[in-house]
Amino acid sequence: MADYHGEAEGQRDLAARAAEWVDEIAKFLQSKAVSPLFWVARAIIFGLLGLALAVVAGVLAVDALVKLLDAYLFAGRVWITYFVIGGLALLLSLYAWRKMGKYRLVTGASA
(Lines give C-alpha, C1' and ligand atoms only; values in the text may rest on other atoms or scores of the structure.)
Protein backbone atom coordinates (compact mmCIF):
# COMPACT_ATOMS: atom_id res chain seq x y z
CA MET A 1 0.00 0.00 0.00
CA ALA A 2 1.38 3.37 -1.01
CA ASP A 3 1.94 6.05 1.59
CA TYR A 4 0.26 9.00 -0.11
CA HIS A 5 0.05 11.00 3.08
CA GLY A 6 3.81 10.92 3.63
CA GLU A 7 4.54 11.71 -0.02
CA ALA A 8 2.24 14.78 0.05
CA GLU A 9 3.90 15.94 3.27
CA GLY A 10 7.31 15.62 1.61
CA GLN A 11 6.19 17.70 -1.38
CA ARG A 12 4.84 20.42 0.92
CA ASP A 13 8.13 20.40 2.79
CA LEU A 14 10.00 20.65 -0.52
CA ALA A 15 7.82 23.59 -1.57
CA ALA A 16 8.43 25.34 1.74
CA ARG A 17 12.20 24.83 1.43
CA ALA A 18 12.14 26.18 -2.15
CA ALA A 19 10.18 29.22 -0.99
CA GLU A 20 12.70 29.84 1.83
CA TRP A 21 15.57 29.48 -0.63
CA VAL A 22 14.03 32.00 -3.03
CA ASP A 23 13.36 34.36 -0.12
CA GLU A 24 16.98 34.12 1.06
CA ILE A 25 18.28 34.80 -2.47
CA ALA A 26 15.99 37.82 -2.78
CA LYS A 27 17.21 39.18 0.56
CA PHE A 28 20.84 38.57 -0.43
CA LEU A 29 20.39 40.37 -3.78
CA GLN A 30 18.65 43.25 -2.08
CA SER A 31 21.40 43.67 0.50
CA LYS A 32 24.26 43.36 -2.02
CA ALA A 33 22.89 45.07 -5.13
CA VAL A 34 19.66 46.99 -4.66
CA SER A 35 20.45 48.77 -1.40
CA PRO A 36 23.84 50.18 -2.55
CA LEU A 37 22.33 51.27 -5.87
CA PHE A 38 19.47 52.92 -4.02
CA TRP A 39 21.99 54.77 -1.83
CA VAL A 40 24.01 55.93 -4.88
CA ALA A 41 20.86 57.08 -6.67
CA ARG A 42 19.80 59.01 -3.58
CA ALA A 43 23.23 60.66 -3.32
CA ILE A 44 23.15 61.67 -7.00
CA ILE A 45 19.66 63.13 -6.72
CA PHE A 46 20.39 65.09 -3.55
CA GLY A 47 23.72 66.25 -5.00
CA LEU A 48 22.05 67.57 -8.16
CA LEU A 49 19.34 69.21 -6.07
CA GLY A 50 21.96 70.88 -3.87
CA LEU A 51 23.91 72.02 -6.93
CA ALA A 52 20.78 73.52 -8.49
CA LEU A 53 19.95 75.32 -5.26
CA ALA A 54 23.52 76.64 -4.99
CA VAL A 55 23.41 77.97 -8.57
CA VAL A 56 20.08 79.69 -7.95
CA ALA A 57 21.35 81.18 -4.68
CA GLY A 58 24.51 82.43 -6.40
CA VAL A 59 22.60 84.07 -9.22
CA LEU A 60 20.19 85.70 -6.78
CA ALA A 61 23.08 86.93 -4.61
CA VAL A 62 24.88 88.53 -7.56
CA ASP A 63 21.63 90.09 -8.77
CA ALA A 64 20.91 91.49 -5.31
CA LEU A 65 24.46 92.84 -5.08
CA VAL A 66 24.14 94.57 -8.45
CA LYS A 67 20.84 96.14 -7.46
CA LEU A 68 22.11 97.26 -4.05
CA LEU A 69 25.30 98.76 -5.43
CA ASP A 70 23.43 100.45 -8.26
CA ALA A 71 20.72 101.86 -6.01
CA TYR A 72 22.72 103.01 -2.98
CA LEU A 73 26.39 103.34 -3.84
CA PHE A 74 26.65 104.25 -7.53
CA ALA A 75 23.23 105.74 -8.18
CA GLY A 76 22.42 105.70 -11.86
CA ARG A 77 25.87 104.55 -13.01
CA VAL A 78 25.48 100.84 -13.40
CA TRP A 79 28.72 100.54 -15.35
CA ILE A 80 30.64 101.23 -12.13
CA THR A 81 28.73 98.41 -10.44
CA TYR A 82 29.59 96.05 -13.26
CA PHE A 83 33.21 97.18 -13.07
CA VAL A 84 33.39 96.52 -9.31
CA ILE A 85 31.72 93.12 -9.55
CA GLY A 86 33.91 92.19 -12.50
CA GLY A 87 36.99 93.20 -10.53
CA LEU A 88 35.87 91.12 -7.55
CA ALA A 89 35.26 88.13 -9.82
CA LEU A 90 38.69 88.62 -11.38
CA LEU A 91 40.38 88.74 -7.96
CA LEU A 92 38.50 85.62 -6.85
CA SER A 93 39.52 83.84 -10.04
CA LEU A 94 43.16 84.81 -9.60
CA TYR A 95 43.08 83.51 -6.03
CA ALA A 96 41.57 80.21 -7.20
CA TRP A 97 44.13 80.00 -10.02
CA ARG A 98 46.95 80.55 -7.54
CA LYS A 99 45.59 77.85 -5.21
CA MET A 100 45.34 75.45 -8.14
CA GLY A 101 49.02 75.90 -8.95
CA LYS A 102 50.41 72.87 -7.14
CA TYR A 103 47.73 70.61 -8.66
CA ARG A 104 48.59 71.86 -12.15
CA LEU A 105 52.17 70.72 -11.62
CA VAL A 106 51.04 67.23 -10.56
CA THR A 107 49.02 66.65 -13.72
CA GLY A 108 51.73 68.10 -15.94
CA ALA A 109 49.42 70.65 -17.58
CA SER A 110 51.07 73.91 -18.53
CA ALA A 111 49.60 77.35 -18.01
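Predicted model: local features only at pLDDT ≥ 70, side-chain atom pairs only at ≥ 80, totals over all residues.
Visitor: How confident is the predictor, on average?
Guide: The mean pLDDT for the protein is 86. At least 70 is reached by 89% of the residues.

Visitor: Which elements have the lowest and highest mean pLDDT?
Guide: Helix 3, residues 101-107, has the lowest, with a mean of 68. Helix 2, residues 78-99, has the highest, at 91.

Visitor: How much of the protein is buried?
Guide: Buried residues are 6% of the 111 residues. The exposed surface comes to about 9900 Å². Carbon and sulfur atoms supply 72% of that surface.

Visitor: Where is the largest nonpolar core, then, and which residues make it?
Guide: It has five residues: Val66, Leu69, Phe74, Ile80 and Ile85. Helix 1 and helix 2 each supply at least two residues of this core.

Visitor: Pick Leu69. What does it touch beyond its sequence neighbours?
Guide: Leaving out residues within four places in sequence, Leu69 contacts Phe74, Thr81, Val84 and Ile85.

Visitor: Thr81 is in that list. Which helix holds Thr81?
Guide: Helix 2.

Visitor: Is Thr81 buried or exposed, and why?
Guide: Thr81 is buried, because its relative accessible area is 0%. The cut-off for buried is under 20%.

Visitor: What packs against Thr81?
Guide: Thr81 touches Val66, Leu69, Asp70 and Phe74, with residues up to four places away not counted. Val66, Leu69 and Phe74 are also listed in the largest nonpolar core.

Visitor: Switching to charges. How many salt bridges are there?
Guide: Two, in a search of the whole structure. Side chains of opposite charge can pair when their charged atoms come close.

Visitor: What is the partner of Lys27, and how far apart are the atoms?
Guide: Asp23 is the partner, with the closest N and O atoms 3.6 Å apart. Both residues lie in helix 1. They are four residues apart, about one turn of the helix.

Visitor: Are the lysines buried or exposed?
Guide: Lys27 counts as exposed because its relative accessibility is 54%. Lys67 is exposed as well, at 54%.

Visitor: What about the aspartates?
Guide: Asp23 is partly exposed, at 38% relative accessibility. Asp63 is partly exposed, at 35%.

Visitor: Where does Trp39 sit?
Guide: Trp39 is in helix 1, which spans residues 4-73.

Visitor: Why is Trp39 classed as exposed?
Guide: Trp39 has a relative accessible area of 59%. Exposed means over 50%, so Trp39 qualifies.

Technical notes:
Residues numbered from 1 in each chain as written. Heavy atoms only, no water. Buried < 20%, exposed > 50% of the residue type's maximum accessible area, 1.4 Å probe, protein only. Areas by Shrake-Rupley, 256 points an atom, 1.4 Å probe, with all protein chains shown as cover. pLDDT = per-residue confidence, 0-100. Contact = heavy atoms within 4.5 Å. Salt bridge = Lys/Arg side-chain N within 4 Å of Asp/Glu carboxyl O. Core = buried A, V, L, I, M, F, W, Y, C linked by side-chain atoms within 4.5 Å.
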